[in-house]
Amino acid sequence: MIRPTTPDDMEPLIALADATGLFGPNELEELGEILGGYFGGNIDSDHFWITDDDGGPVGVAYYAPAPMTDGTWYVYLIAVRPDRQGQGHGTALLRYVEETLTARGERILLVETSGLASFEGTRAFYRKCGYDEEARIRDFYKAGDDKIVYRKELVAQGK
Ligand SMILES: CC(C)(COP(=O)(O)OP(=O)(O)OC[C@H]1O[C@@H](n2cnc3c(N)ncnc32)[C@H](O)[C@@H]1OP(=O)(O)O)[C@@H](O)C(=O)NCCC(=O)NCCS
């Protein structure tokens, strides 16, 4: 079941992010601060955290508008607990984001990831979900580690 993230999710979600191996100690701390700010009401109300709950949090996504755009949004974070990956949870989270934004009349969803070989699974996931590679910024994260921007146009059902 996908539902809004609650303060009780903070600890399991930080553990989940840690378990993916994608986040260093500083980034995990930053994640805790972002979530703390979110629940403290310190950030814009059109920033959204959602949890995929299947007997406890198994996945998380964070999405928000791209600044200074009309209807362009970013998925800033999506992660599924390693022992629950490959079971459709990531797809369900992304679909929920897409449907929610489409219903609001938003236009475009962007997501960024690394071009490193170790992220090929993540890139395959975005392609499978209908995202096209739109841009590549060479050496963005560090020398030899490009940023790839994936894009999907949000189209209302029946259009
Ligand atoms: C990327 C991630 C969110 C995908 O979530 P998931 O629940 O594992 O994905 P799904 O089960 O919905 O997969 C849907 C499709 O994506 C593709 N896919 C997902 N992971 C893949 C992998 N490691 N290698 C190849 N293809 C993959 C598959 O084609 C799959 O389709 P299939 O079920 O027909 O095989 C998840 O694997 C994850 O959290 N990874 C670590 C964190 C991460 O990389 N986050 C993104 C940071 S930019």
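Predicted model: local features only at pLDDT ≥ 70, side-chain atom pairs only at ≥ 80, totals over all residues.
Let me begin with the chain itself. The protein chain has four helices and seven strands, and if you read along the sequence, these elements come in the order β-α-α-β-β-β-α-β-α-β-β. The radius of gyration of the chain is 15 Å, close to the 15 Å given by the globule rule for 159 residues, so the chain is as compact as a globular protein of that length. Taken along the principal axes, the C-alpha atoms fill a box of roughly 40 × 35 × 35 Å.

Now to the ligand. Where does the ligand sit? The answer is the largest pocket, and there 19 residues surround the ligand, the closest being Val 80, Gly 88, Gly 90, Thr 91 and Lys 128.

Which elements supply at least two residues each of the shell around the ligand? They are strand E4, residues 72–80, helix H3, residues 89–103, strand E5, residues 108–114, and helix H4, residues 120–128. Among the contributors, H4 gives the most, with six residues. Sorted by class, the shell has seven nonpolar residues, 10 polar residues and two charged residues.

At Ile 78, a polar backbone atom is 2.9 Å from a nitrogen atom of the ligand. At Val 80, which I listed among the closest residues, a backbone N or O atom lies 2.7 Å from an oxygen atom of the ligand. At Gly 88, also listed among the closest, a polar backbone atom is 2.7 Å from an oxygen atom of the ligand. As for how much of the ligand is covered, the ligand taken alone exposes 910 Å², and the protein buries 68% of that.

The side chain of Asp 83 makes a polar contact, at 2.9 Å, with the side chain of Arg 81.

Key:
Residues numbered from 1 in each chain as written. Heavy atoms only, no water. Near = heavy atom within 4 Å. Polar contact = N/O pair within 3.5 Å; in protein donor to acceptor, adjacent residues only side chain to side chain. Areas by Shrake-Rupley, 256 points an atom, 1.4 Å probe, with all protein chains shown as cover. 1 Å grid on protein atoms, 1.4 Å probe; cavity = no way out; pocket = protein on both sides within 12 Å on 5 of 7 lines; lining within 4 Å. Sits in = over half its atoms within 2 Å of the grid points. Nonpolar A, V, L, I, M, F, W, Y, C, P; charged D, E, K, R; others polar. Rg over C-alpha atoms; globule rule 2.2 N^0.38 Å.
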